Amino acid sequence: MEHEIISEILTHIANNNINKITFSNIRNKELELDKVIGKLVTIKESINLQLEYRYKRIIKHTNIVTTESSNIENLIKELFELAKDINVVTLDENINIKISKKFKISVNRKKTAAKAISFEHNKKKDYFLDEKQKYPFLIELGIQNKDGKIVKSKYNKFKQINKYLEFIKQATTQLDSNKQITILDFGSGKSYLTFSTYYYLTEVLNMDVKIIGIDLKKEVIEHCNNIAEKLNFSNLSFIYGDVIDYENKDEIDMVISLHACNTATDIAILKALGWKAKVFFAVPCCQKEVNSQLNDEFLPFMLKHGIVKEKFSTLLTDSVRSEVLEAFGYKSDIVEFISAENTPKNQLIRAYKTTNNVDKDKLSNIEKFTTSLNVKMFLLDEVKKLI
């Protein structure tokens, strides 16, 4: 059976009839190998079998020209020895192969709708904003040059914008598109993401949106208002002020707080809770409040290291923030906003309102936990005033 199925796979490869082949459930755990994914790609006008080895910490690639049949056969045989689960997706069939501890093979086949096989290498990333299209707002923000090309030093920012718009699109499912949506951006700064959000929601999704950016830097506020006016973004405005002093009588649908330092993120959370905003996004920064209270007596082997202490403070602070949102009727999670290679400030707290009920027991348990660490948090003291 093994010889037959390997021979079949080699024939599919030779005939360029493989969409993807995945080797998973690796037997040797010491290798720290999660899976191996194979696909056919064109490199220098030759079709190659590209194998992507996904280890716990790194990813490695091997490319073999499909005409080198003996080399490919040896590799496939090695992978059959390593993997317990193998999935082969051909032009019109899905083949699942399971290999037992005693190397007994079972094969399950399912016919699928014919799908063209792509041989593209380094396939172009599908972005919410097309890097080949000229966007006046990106030019004004210095991300594109006057010809509409992405400025090399701003390419990571362009990727960040597109990743953020992915979250924004998901959030629109929680908003009432039959009315004007009001969004507040606390600590809007240079407003790359603010302008991008406004453009995407109004120009791409054709939503009626009003966005207000708030920041403490007067020159930045003036600059952003000038750009908004120049672009005729009539429902996008920026005001000077402190987040804690901002009051609004209108209904607020969404609150955004990106890279607000220390407890400024907590203030944004408190505002969102008070307004019962349907969506809350925060990418926190500088969790100094907890860091300053931790000492080496708690988890001494960890917290004697400054970098570990900083990361622990970040994880603890943001976890408590997410739990508080849950206690106030939100479905909340913490996800990676953008790769850590681009910025270390890459944790997004994402929360969607599901109920107006407040779970007082959950709040009490959160406070008991932080008390056990001898940590006091501004957020936990202030949310009591909202109950």
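Two strands are taken to pair if DSSP finds at least two bridges between them. In this predicted model, seven strands form an open sheet of mixed pairing, in the order E10-E9-E8-E11-E12-E14-E13. Strand E10 (236-240) and strand E13 (330-336) are the edge strands, each pairing on one side only. From one strand to the next, the twist averages 15°. E13 runs antiparallel to strand E14 (residues 347-353), to which seven bridges join E13. Within this pair, leucine 348 in E14 is the bridge partner of valine 335.

Helix H6 (residues 218-230) packs on the sheet, where H6 touches strand E9 (209-215) and E10. The direction of H6 makes about 165° with that of E10. Helix H7 (residues 264-275) lies across strand E8 (181-186), strand E11 (254-261), strand E12 (279-285) and E13. Relative to E11, H7 runs at about 170°.

A helix pair was also examined. The axes of helix H1 (residues 2-14) and helix H2 (residues 69-82) cross at roughly 135° and come within 11 Å. H1 and H2 are therefore oblique to each other, since only angles over 145 degrees count as roughly antiparallel. The crossing of H1 past H2 is right-handed. On the H1 side, the contact involves Glu2, Ile5, Ile6, Ile9, Leu10 and Ile13; these meet Ile72, Glu73, Ile76, Lys77, Phe80 and Glu81 in H2. The residues of this contact comprise eight nonpolar and four charged, with no polar ones.

Terms used. Residues are numbered from 1 along each chain as its sequence is written. This is a predicted model: local features need pLDDT of at least 70, side-chain atom pairs count only at pLDDT 80 or more; totals for chains, interfaces and linings use all residues. Side-chain values use heavy atoms; hydrogens and water are left out. Axes are lines fitted to C-alpha atoms, for helices over the stretch in contact, and angles run from 0 to 180 degrees between N-to-C directions. Helices (H or I, at least four residues) and strands (E, at least two) are DSSP runs, numbered from the N terminus. Angles under 35 degrees count as roughly parallel, over 145 as roughly antiparallel, 65 to 115 as roughly perpendicular and the rest as oblique. A crossing is left-handed if the near helix is turned anticlockwise from the far one by less than a right angle, and right-handed if clockwise. Contact means heavy atoms within 4.5 Å. Ala, Val, Leu, Ile, Met, Phe, Trp, Tyr, Cys and Pro count as nonpolar, Asp, Glu, Lys and Arg as charged, and the others, Gly among them, as polar.
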